[in-house]
Amino acid sequence: MEHIYRWFVRDDTFAEEVYVKYNFRKLRVLGIGKYASKSSLASRVGFYAMEIFFLLQIGTIVWDLATVLNDIGLFGDDMCILAGLLLTVAKKWHCVLNINELTECIEQFQAYHEHYLQRGERFVRRMRRQDLQERLLQDASKLLAMVLASCLTVNALFSNGETLILRATYPFTTNTTLGYGFVFLCQAILVVYVLFSIVLIDCVGAQILSQMALLFFLQRMEFELIGADLQLPPDGTLHGDQMLRDELHNLIASHQQLLSFCDRLKRLYEPNIMAQFVSSMLIICLTAFELMFAKGDPMQMLRFGAYMLTAFYQIFVWSFFGNRVTHMASVDSRRSTGISDATIRCNWIVLDDRLKKDLRFTTMRSQKPFIIDVYWLFPLTYETFIAILSRSYSIFTLLRTMIE
């Protein structure tokens with residue numbers, strides 16, 4: 001049992017580095033790294049060759065899209081896949097263009113990680129819980145990616161050379177064994193590459209939000225410890241020595257730095273989140289539309305059902321962690337867990353008036369919610385997740401009405 005637990009928690013690597021840094025390094029496999037431009041010629045050639053291959057495959061789908069404009073079913077099929085591929089391109093190049101800033105943010109997470117490792121077992125236990133959640137998130141994402149890859153390829157495998165994995169038009173015939181085999185291999189490579197890329201990039205993004213929520217929670221724990229070992233003097237002055245004053249002022253400064261750091265991350269990930277939510281709404285709508293046409297065809301229903309599930313999962317994960325950041329950073333009327341609650345619950349009664357005043361300013365600042373919003377248009381919360389599902393269903397209903 002202990003061996004199984006250690007396999008899940010993987011605590012042999014926990015103390016060394018924050019888990020998001022471990023995943024961030026894996027982006028080098030995709031050619032994304034701070035020093036990618038200084039890598040070997042073979043690595044750079046491989047990176048650009050894969051990008052050209054990717055764009056050529058997208059071109060074949062666009063070509064097919066242009067030939068089926070009069071068939072709403074085939075048009076929707078192409079648009080589903082094209083939306084997912086373009087989302088992958090957008091997210092990958094978002095990382096490439098912002099790699100230096102992302103690297104700095106990951107190193108900052110590592111610095112926070114090392115700081116809280118020294119704060120005691122209570123902090124380490126909470127960090128371990130978050131670490132386990134992030135690992136389970138990655139495992140679930142990999143499992144879902146494998147399910148989707150299987151659903152996309154199984155129809156082509158049992159079609160006796162009549163159906164491709166993805167609808168596409170090529171400048172050569174695919175009716176021969178050689179032509180079909182070549183296209184099948186290219187599309188299989190494309191599917192694996194896309195799913196591997198999107199799982200890795202999305203997990204890094206979700207784990208960044210997860211770490212933001214964790215940092216707010218750990219800072220709340222630090223505020224709760226203020227004056228924890230002090231007693232209210234029966235007479236005389238209250239506690240306000242220089243060491244206690246420095247500790248409180250450092251915490252207040254740390255709170256401001258954390259808010260600034262999280263705001264920087266929020267603005268950095270805005271294009272990524274916007275692309276995700278727009279693409280997911282389109283994919284959910286179109287896959288529901290395709291499922292309506294696929295009645296009686298279990299293979300197609302399985303294919304589009306798995307694709308829809310993937311879109312649901314992506315926006316749910318982003319909404320879940322965005323909601324957690326807001327919940328941990330601010331006052332929640334249902335269950336107060338933010339910094340403001342911590343400053344009230346700490347042993348503030350033993351502090352002198354000057355320290356109480358400083359603490360009150362932090363309490364007032366934390367009353368203002370910290371929300372992961374996207375271009376000030378919508379917050380990253382459960383309500384937004386439900387709203388996107390509602391909009392997708394509305395568009396689907398409109399398309400169905402037009403067809404009928």
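**Getting to know this predicted model**

The UniProt record, an unreviewed entry, places the feature "transmembrane region" at residues 45–66, 178–201, 273–294, 306–325 and 374–396. The structure itself is a predicted model.

User: Why is C151 called buried?

Analyst: Buried means under 20% relative accessible area. C151 has 9% relative accessibility, so C151 counts as buried. C203 is also buried because its relative accessible area is 2%.

User: How many disulfides are there, and how do you know?

Analyst: A disulfide requires a pair of cysteine sulfur atoms within 2.5 Å. By that rule, the count is zero.

User: Which residues of helix α3 are buried, and what do they pack against?

Analyst: Helix α3 covers residues 19–26, and its buried members are Y19, V20, K21, N23 and F24. The buried residues of α3 pack against α6 (99–117), α7 (121–157) and α8 (177–224).

User: How do you know that α3 and α7 meet?

Analyst: Contact means heavy atoms within 4.5 Å. On the α3 side, Y19, V20, N23 and K26 meet D131, E134, R135, Q138 and K142 of α7. The residues of this contact divide into two nonpolar, two polar and five charged. As for geometry, the axes of α3 and α7 come within 10 Å and cross at roughly 35 degrees.

Definitions and conventions:
Residues are numbered from 1 along each chain as its sequence is written. This is a predicted model: local features need pLDDT of at least 70, side-chain atom pairs count only at pLDDT 80 or more; totals for chains, interfaces and linings use all residues. Side-chain values use heavy atoms; hydrogens and water are left out. Buried means under 20% relative accessible area, exposed over 50%, partly exposed in between (1.4 Å probe, protein chains only). Helices (H or I, at least four residues) and strands (E, at least two) are DSSP runs, numbered from the N terminus. Axes are lines fitted to C-alpha atoms, for helices over the stretch in contact, and angles run from 0 to 180 degrees between N-to-C directions. Ala, Val, Leu, Ile, Met, Phe, Trp, Tyr, Cys and Pro count as nonpolar, Asp, Glu, Lys and Arg as charged, and the others, Gly among them, as polar. UniProt positions are given in the numbering used here, feature names are shortened, and annotations may be inferred rather than shown by experiment.
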